[in-house]
Amino acid sequence: MTIGHSMKNKPVLNTVFDAAFRFIDLALNDNEYLQPQKLHRLLYLAQAYYGANYHGNMLMPAIFVAEEFGPVEPNLYAVMEESRPDVRLKSVDPKTIHFLESIWAQFGHHTVEHLSVTVRNHPPFTKAYKEGIGTIIPFDELVEFYASVRKTATTPEAKEVVRPRVMRSHKGKPVATTDWLPRKIK
């Protein structure tokens, strides 16, 4: 695997736990138990769509490997196999929290089976899986696929995933805003 430009960028989150525990808490807020496999699919989609929306930048320092049921972050899997570990989380900026909430709003209502079938049919996963269980799914391939995907019944376009934030105008009226992302100059 070659390390592309995107892997040199500092991830927005310090650990995969920063995202994982927020998804678990969002599920609890919706009175849902977040199954471990569903958590891994959400983290995978969050990493992919973050890179797709933000010029190949990483959301978290995490890798995903192709396993039988779908992509898994092996370090998180090993640590959380028995229970939620006691990990000290760093504070997360509001824009990143909004991004994670957008991922939850877009995908959280789906079953683990639906999410697994969906991502198992996407080229980054299928390519790695063909090479063998435990093969790393390259981050650059995730970004490339999810940035170029056109909306289907199961897969939204990258720009549709992040919900607009509501802020107030100078007169106090609610206004929907999105991040301004200048195009990347090559």
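Which residues do ring pairs link into a cluster? Keep that in mind while you get your bearings.

**Before you click**

This is a predicted model, where local features need pLDDT of at least 70, side-chain atom pairs count only at pLDDT 80 or more, and totals for chains, interfaces and linings use all residues. Residues are numbered from 1 along each chain as its sequence is written, and side-chain values use heavy atoms, with hydrogens and water left out.

**The whole chain**

Start with the cartoon view. You'll find nine helices and five strands, taken from DSSP runs (H or I of at least four residues for helices, E of at least two for strands) and numbered from the N terminus. Walking from the N terminus, the order is α-α-α-β-β-α-α-α-α-β-α-α-β-β. Of the 186 residues, 46% count as buried, meaning under 20% relative accessible area with a 1.4 Å probe and protein chains only, while over 50% is exposed and in between is partly exposed.

**Stop one: helix α2**

Select residues 16-29, which form helix α2, and show phenylalanine 17 and phenylalanine 21, four residues apart, or about one turn of the helix. Both are buried. Their ring centres sit 5.8 Å apart with the planes at 45 degrees, so this pair is tilted. Rings of Phe, Tyr and Trp (its six-membered ring) pair if their centres lie within 6.5 Å; planes under 30 degrees apart are stacked, over 60 edge-to-face, and the rest tilted. The structure holds ten aromatic pairs.

**Stop two: the ring cluster**

Now select Tyr44, Tyr49, Phe64, Phe107, Phe145 and Tyr146: ring pairs link these into the cluster from the opening question. Zoom in on tyrosine 49 and phenylalanine 107, whose ring centres are 5.7 Å apart with planes at 25 degrees, so they are stacked. This pair links distant parts of the chain, with tyrosine 49 in helix α3 (residues 36-53) and phenylalanine 107 in helix α5 (residues 94-107), 58 residues apart. Tyrosine 49 is buried at a relative accessible area of 0%, and phenylalanine 107 is buried at 4%.
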